[in-house]
Amino acid sequence: MPVYLTGLATAVPPYEKPQSLVLENARHLLGPKFPAFERMAGSFMSSGVEKRHSLAPLEWYLEPQNWKTRNEMYLRAGKELFIEASRKALLEADLRADEIDCVVTVSSTGIVTPTLEAQAFLEMGFSQDIMRVPVFGLGCAGGVSGMAIAQRLAQAKPGSNVLLVALEGCSLSLRVDQLTKADIIATVLFGDGAAAAVLSATKPKDTNFVIELAPGHQEMWPDTLNIMGWKVEEDGLGVVFDRSIPDFAAEHFRDVVDRTLDALSMNMGDVDRFVCHPGGTKVAQAIEDALDLQPGALDAEREVLRDFGNMSAPTVLFVLDRVLKRGAQGNMIMCALGPGFTASFQPIAVVANEASNKRNATDLRKREGTVNA
Ligand SMILES: CC(C)(COP(=O)(O)OP(=O)(O)OC[C@H]1O[C@@H](n2cnc3c(N)ncnc32)[C@H](O)[C@@H]1OP(=O)(O)O)[C@@H](O)C(=O)NCCC(=O)NCCSC(=O)CC(=O)O
């Protein structure tokens, strides 16, 4: 039984920062504490990131923060973003919040219990018997793995509607006490954002096309725990992301894609578009090379990186949103790498809707002019 994507929306927090401003403040804040800062400063401008959004205003990052203040900001600003992304996705799906049976919240950049979907319960108007599935720790793979979890949950209960929300406040982990090169590169790349998707086990009737989701596929490489993750430290989370990630992708991504396609009974020729998480320019390049894609094939990926930075889990859903709104059809494979080290894949097919009874209805995949820019 297929599952259908009936709503997809993105949201970014209100504080927009051009990369030149991030560099200026990083130089002021981190430069005096990290002797090699100037040697790495060029990466701010060569990273492909032109701007990003953050959950907190600039002044917040200039003050010392700790576990309590970071998580207070995550709760306050994250809840607002959760609500905005969810409401937009529900509008797309033409559903009320109380028609959602299950909500999957994917987030690894803050800790709050009860989790965000419970914090937003009243404002959202969720039903009292909603099933809550908070998922922590998937990192950059969270958008794809979250979609795969939501797909399985929707498939398990005919007639149900599942809301997926992927939300990250990567910038809240900025550290000025224990600086490493990885911390500087994280400041170069990471931003904050959220995306929400509505999945339904009921076929939409009033669209020309439907977006079908088959079960996803994941693989974890043994003995790769140190490539990506969080270290829990005195004043917050410390970023773990190894400089080997682009080389790792260049060496191993093709093999895992081939095994995934086998598992999905597909081959390369069946895939019309890979929809990838753009972890950084070097990762995007490594994926393009590994898959023998045409130069520029990952155009939407580079645009999302340019406009929002690497927002971890929601990033790939921003890419999917652009790709669908530009009218993509056929078979797509959404993919991302994340802590584990894990590769996660979600097949998506945009196909004509034979059951359509409203030929002129506005399709999710055709709403021009509403892409975040
Ligand atoms: C950030 C960049 C655009 C910067 O490119 P540049 O050409 O300007 O610079 P560069 O690559 O030479 O790096 C500048 C200096 O930083 C160091 N450096 C780079 N990445 C580092 C890392 N992860 N940890 C520690 N140091 C690192 C380099 O060795 C070099 O130091 P020295 O000069 O001393 O040698 C690129 O490095 C990049 O795209 N890297 C990939 C980022 C990445 O791993 N993203 C994935 C996040 S996880 C994720 O999102 C999952 C996924 O991708 O699916």
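Predicted model: local features only at pLDDT ≥ 70, side-chain atom pairs only at ≥ 80, totals over all residues.
I then listed which elements give two or more residues to the shell around the ligand: helix H2 (37–40), helix H3 (42–46), helix H9 (181–189), helix H10 (245–263) and helix H11 (281–290). Which of them gives the largest share of the shell? I have that down as H9, with four residues.

Next I looked up the residues around the ligand, 24 in number. Ser 43, Ser 46, Lys 181, His 277 and Lys 282 come nearest.

For Arg 39, I noted a side-chain N or O atom 3.1 Å from an oxygen atom of the ligand. Arg 243 also reaches a ligand oxygen atom, with a polar side-chain atom at 2.9 Å. Phe 241 uses its backbone instead: an N or O atom there lies 3.0 Å from a nitrogen atom of the ligand. How much of the ligand does the protein bury? I wrote down 82% of the 1,000 Å² that the ligand exposes when taken alone.

**Helix H5**

I moved on to H5, residues 67–93, and checked its length. With 27 residues at 1.5 Å a residue, the helix should span 39 Å, and I get 37 Å between its end C-alpha atoms, so the two agree. I also looked for a bend and found one of about 30° at Gly 78.

What caps the N-terminal end of H5? Asn 66 does: I see one of its side-chain oxygens 2.9 Å from the backbone nitrogen of Lys 68.

Asp 94 has a positive phi of about 60°, though it is not a glycine. I placed Asp 94 in the loop between H5 and E4.

**Cis peptide bonds**

I looked up peptide bonds next. The bond from Thr 113 to Pro 114 is cis, and I have its omega near 0°. Where does Pro 114 lie? I find Pro 114 in the loop between strand E4 (102–106) and helix H6 (116–119).

Another cis bond I noted runs from Gly 340 to Phe 341, with omega near 5°. I located Phe 341 in the loop between strand E13 (330–338) and strand E14 (342–352).

Definitions and conventions
Residues numbered from 1 in each chain as written. Heavy atoms only, no water. Expected span 1.5 Å × (residues − 1). Bend = angle between axes of the 7 residues up to and from the residue. Polar contact = N/O pair within 3.5 Å; in protein donor to acceptor, adjacent residues only side chain to side chain. Near = heavy atom within 4 Å. Areas by Shrake-Rupley, 256 points an atom, 1.4 Å probe, with all protein chains shown as cover.
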